[in-house]
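Here are my comments on the model you sent. They are set out as numbered points.

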Amino acid sequence: MNFKLISCEVFKHELLYCINKTHNHIDAEFIAKGIHDLNSEGMQNRIVKSIRNADDKGYDAILLGYGLCNTWVFGLSAKKTPLVIPRSHDCIGILLGNKQKYLDYYFENPGTYYQSIGWMENTENEPSIKKRSLQKLYGMDMSQEELKSEYGEENLDYLNNALDQTKHYSNMAFIDTGLVSQHNYQKKAKSKAEKKNWSFDVLKGSIKLLQQLIDGDWPESDFFIIHPDEVVKQSIDDDLIQALPVT
Amino acid sequence: MDYLEKLHDAVLNGDPPTAIEITEKGLEEKIDPHILINKYMIRAMDEVGARFERFEYFIPQLLMSAKAMKGAMALIRPLLISEGEEDTSICAITGTVKGDVHDIGKNLLGALLEGGGFNVVDLGTNVSPEQFIEAAEEHKAKLVCMSALLTTTMPGMQTTIDAFKDAGLRDDVIVLVGGAPVTDHFAKEIGADGYKDNASAGVVLAKDLLGIGKK
């Protein structure tokens with residue numbers, strides 16, 4: 001089979017490993033993780049740009065290395081080529097290889113900051129994305145110096161606390177997907193957790209879902225296929241997503 | 001009493017010391033606290049919300065306005081209580097649903113609800129359906145606002161609404177939902193009364209649904 005892969009760079013190591021093992025022909029394209037900082041429409045527009053470029057090239061399917069990642073996927077439609085996407089809330093569920101495993105850990109450990117190689121390698125955003133990010137739009141990207149000069153030192157603690165998205169976090173979980181050379185990343189993640197005074201956990205990840213995506217092995221429970229002239233809608237059950245005909 | 005307009009400006013411009021100073025002066029001169037709240041501060045916070053919705057105000061600016069209003073209210077509230085006045089403001093419960101510990105958006109909504117004259121009882125984050133129900137009953141809340149930042153925790157909104165139904169309390173409260181992954185479609189599917197994609201619009205919707213009307 002001949003597939004186009006359009007994926008978040010967060011899976012780059014794992015997917016390159018999977019591509020090496022598959023019999024399928026894969027044209028891979030990785031997109032900056034930073035597009036998650038755009039609003040849903042901005043994120044969808046960027047991914048759709050790549051989908052449309054690939055749409056009339058005769059691929060058997062276009063594989064999407066993304067989860068729901070909030071709401072970017074809703075409203076997405078397939079034109080000529082079917083689109084395939086894992087049924088997962090986000091990359092963490094994909095890296096753990098199982099939606100339920102993710103939910104179980106998640107609800108047992110609220111306030112967990114997840115890390116993986118891909119997360120740790122791609123922390124800095126491109127200036128062109130930064131400029132259009134939600135952080136910029138809402139003024140949440142201001143440096144300490146900017147906050148101090150704009151609102152005064154006496155308000156710095158108040159603002160920092162109010163703007164800190166991780167203030168109620170208490171745990172860090174590093175997902176080890178079993179690829180070699182994760183040790184240094186794990187060490188770095190652990191020291192980051194220690195600095196924050198958070199507990200630290202290593203979770204056994206899995207490349208199963210990513211390998212299935214690449215291999216064209218798409219059971220309905222774990223993958224969702226959007227056929228030409230269908231559009232993705234939100235589903236409030238465990239399926240997460242559904243497709244309806246384009247109206 | 002021209003100086004009282006400075007209270008409006010101090011809240012609008014996020015200047016806590018001035019807001020406190022003018023409030024102290026006003027109270028010394030026996031200005032009715034309700035006038036300070038309704039005529040100056042709520043009007044200012046309405047404008048803050050409108051500017052935020054138009055992307056003219058950043059979140060830090062909104063937070064500074066909220067701080068200014070909170071500082072002034074801290075002086076006024078004890079007076080209202082000591083006068084034995086019954087609190088006639090409408091109680092709104094806010095909270096982030098079970099499993100979710102994110103609260104920036106929820107806190108912005110809380111600040112603007114307070115700025116809009118609501119008595120806000122914030123349950124914080126990781127709030128179970130039982131906690132929402134208990135608080136709504138205890139405070140005779142008319143408004144329940146739930147937040148979720150992730151699709152993993154979003155179903156907690158439906159669980160909570162169902163729990164209100166099971167407890168026979170669903171018709172007693174207006175339920176609003178919000179947060180990054182929430183959509184209008186989702187809000188309707190789970191039986192919420194409304195959804196908005198920003199805190200300011202959420203306050204306007206709450207007032208509309210409660211028949212308070214736009215000020």
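Predicted model: local features only at pLDDT ≥ 70, side-chain atom pairs only at ≥ 80, totals over all residues.

1. Chain A as a whole. Its secondary structure comes to 11 helices and 10 strands. Chain A has a radius of gyration of 19 Å, close to the 18 Å that the globule rule gives for 247 residues, so chain A is as compact as a globular protein of that length. The C-alpha trace spans about 60 × 40 × 35 Å along the principal axes of chain A.

2. Of the 247 residues, 34% count as buried.

3. Strand S3 of chain A.

4. Neighbours of S3(A). Strand S1 (residues 2-8) of chain A pairs with S3(A) in the parallel sense over 5 bridges. In this region Gly65(A) is the bridge partner of Ser7(A). S3(A) also pairs with strand S4 (residues 83-86) of chain A, again in the parallel sense, over 2 bridges. There, Ile62(A) stands opposite Leu83(A) of S4(A).

5. The contact between the chains. Chain B gives 27 residues and chain A gives 26 residues. On the side of chain B that touches chain A, helix H4 (59-82), helix H5 (104-115) and helix H8 (184-189) of chain B each supply at least two residues. H4(B) gives the most, with 5 residues. By class, that side of chain B has 13 nonpolar, 10 polar and 4 charged residues.

6. Length and bend of helix H3 of chain B. The 21 residues of this helix (residues 33-53) should span 30 Å at 1.5 Å a residue, and the end C-alpha atoms are 28 Å apart, which agrees. H3(B) has a kink of about 30°, centred on Met41(B).

7. Surroundings of H3(B). Met41(B) is also one of the buried residues of H3(B), which include Leu36(B), Ile37(B), Tyr40(B), Ala44(B) and Phe52(B). The buried residues of H3(B) pack against helix H1 (5-12), helix H2 (16-28), H4, H5 and helix H9 (199-209) of chain B. Just after H3(B), Phe55(B) takes a positive phi of about 60°.

Terms used. Residues numbered from 1 in each chain as written. Chains lettered and ligands numbered in written order. Helix = DSSP H or I, 4+ residues; strand = E, 2+ residues; numbered from the N terminus. Rg over C-alpha atoms; globule rule 2.2 N^0.38 Å. Buried ≥ 20, exposed ≤ 12 C-beta atoms within 10 Å, placed from the backbone. Contact = placed C-beta atoms within 7 Å. Nonpolar A, V, L, I, M, F, W, Y, C, P; charged D, E, K, R; others polar. Expected span 1.5 Å × (residues − 1). Bend = angle between axes of the 7 residues up to and from the residue. Pairing = 2+ DSSP bridges.
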